[in-house]
Amino acid sequence: MTKATTATDSFVPASETASQLFDNWFDPIESGLRERVRGFIEEMIRGELDAALDRPRYGRAKNADGGPTSLVGHRHGSRTRSLTGSFGKTEITVPRARLQTRDGTTTEWHSQVLRSYQRRTLTVDALIASAYLAGTNTRRVRRALAALFRDGVSKDIVSRVWRKIKSDWDAWNGRSLANEPIVRLILDGTVVRVRLDRKSTAISLLVVIGVRADGQKVLLAVRHMGGESTEAWRTVLDDLIARGLRPPAFLIVDGAPGLEKAIGAVWDGVPVQRCTVHKHRNLLAHAPERLHEEIGADYTDMIYAATPEDIAMRRKAFIRKWRLKHRAVADSLEEASDRLFTFAQLPPSQWRSARTTNAIERLHEEFKRRIKTQTVLPSAETAAMLFWALLASGQINMRKVDGWQTLATTTIDQPIDLAA
């Protein structure tokens, strides 16, 4: 008769079972993958050294006549380097060599494939940085990535990666803008929730995108502020000017009163375009829902008219109609004044990119999509850094603006009088 199995005998922690199960499944695959990766990296480094010495191992270099050339260096053994990547931690055998210099001395050869003191791939650093920016501390990052890197990520590694990201962020915020050929600015803010004094607090991220003379968009600033007041925007604009940013030829804004006052104080006279999408939302907010479709149709016909003359005619018709039907809508449109139609002073090829702050709005949407699993970010600076990191890491790329070929033409020869 077999012995009965007790509950104590049969109990195995679920986490341990899962770990053993996955280890059994994937260990051979992981081992083979790691071996392939190691062999590939070692072969690249050996090829790099062959090129530096102008000959393969155990081979002799030959000149154009087929004869031996003077040696440029010699191999002398190898050393082992540890490298942590998305494939885990592995040991790489790196060949060593001495290269002859012009003055007759020799110097140690260094691989460019595997840089000196490099212990991690860029993918690993990116994963560590993104986990840290997501709001975890060094201990939690290490624990979260331990299974992936087989305990190859220590607390010190996480701290070093974070310090590198922080130094890059500080350098980016202090860089000179004197040589940036910026011709247009797009400015907007977005609200995020962060942890401040252990409480969830709403703050504003003030974002500035520049458009270069060749049409390429580039992030110029992202600052965390308490709100979008005139003082907050002046702080951002004054910093850009102090770092050498020249006055732009055209500005696109969301219509925030604080921003417009700040712009008037530093760049009075520069053409300003109010975002037509923001104004559309404002018009709908001033009317009952049953009128929204009709307002939207009339507004679209006006904003997307083919010529400045058509825009001016439809603007007057819009105001006459809605003064009678729902005056608050007409008053809201008039509040934007001519700044809602500044785009009509540009060549038509630029109208699409000049009407709205959509370039920043898309960044806001992508940023919030990335953080939607976190109801509260750990700090205000982390929120700004995470926004910057999406672009700095290449996770988001910005293309050229529509109509960039005509950016050198700032206004049409005879601007149309758009006064209603």
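A word on the ground rules before the tour. The model is predicted, so local features need pLDDT of at least 70 and side-chain atom pairs count only at pLDDT 80 or more, while totals for chains, interfaces and linings use all residues. Residues are numbered from 1 along each chain as its sequence is written, and side-chain values use heavy atoms, with hydrogens and water left out.

Let's start with the sheet. It is open, with 5 strands in the order S6-S5-S4-S7-S8 and mixed pairing. Strands here are DSSP E runs of at least two residues and helices are H or I runs of at least four, numbered from the N terminus; two strands pair if DSSP finds at least two bridges between them. At the edges sit S6 (217-225) and S8 (272-274), each pairing on one side only. On average, neighbouring strands are turned by 20 degrees against each other, direction ignored. For angles, axes are lines fitted to C-alpha atoms, for helices over the stretch in contact, and values run from 0 to 180 degrees between N-to-C directions.

Strand S5 (residues 199-212) runs antiparallel to S6, and 8 bridges join the two.

Now, which helices pack here? Helix H7 (residues 257-266) touches S4 (182-196), S7 (250-253) and S8, and its direction makes about 165 degrees with that of S7. Contact means heavy atoms within 4.5 Å. Helix H13 (residues 358-371) lies across S4, S5 and S6, at about 25 degrees to S4.

On to charges. The whole structure has 22 salt bridges, each a side-chain nitrogen of Lys or Arg within 4 Å of a carboxyl oxygen of Asp or Glu.

Glu 180 and Arg 212 meet at 2.8 Å, N to O. This pair links distant parts of the chain, 32 residues apart: Glu 180 is in the loop between H5 and S4, Arg 212 in S5. Are these two buried or exposed? Glu 180 is buried at 15% relative accessible area, and Arg 212 is partly exposed at 24%; buried means under 20%, exposed over 50%, partly exposed in between (1.4 Å probe, protein chains only).

Asp 298 and Lys 321 form another salt bridge, with closest N and O atoms 2.7 Å apart. Asp 298 lies in H9 (residues 292-303) and Lys 321 in H10 (residues 308-325), so the pair ties together parts 23 residues apart in sequence.
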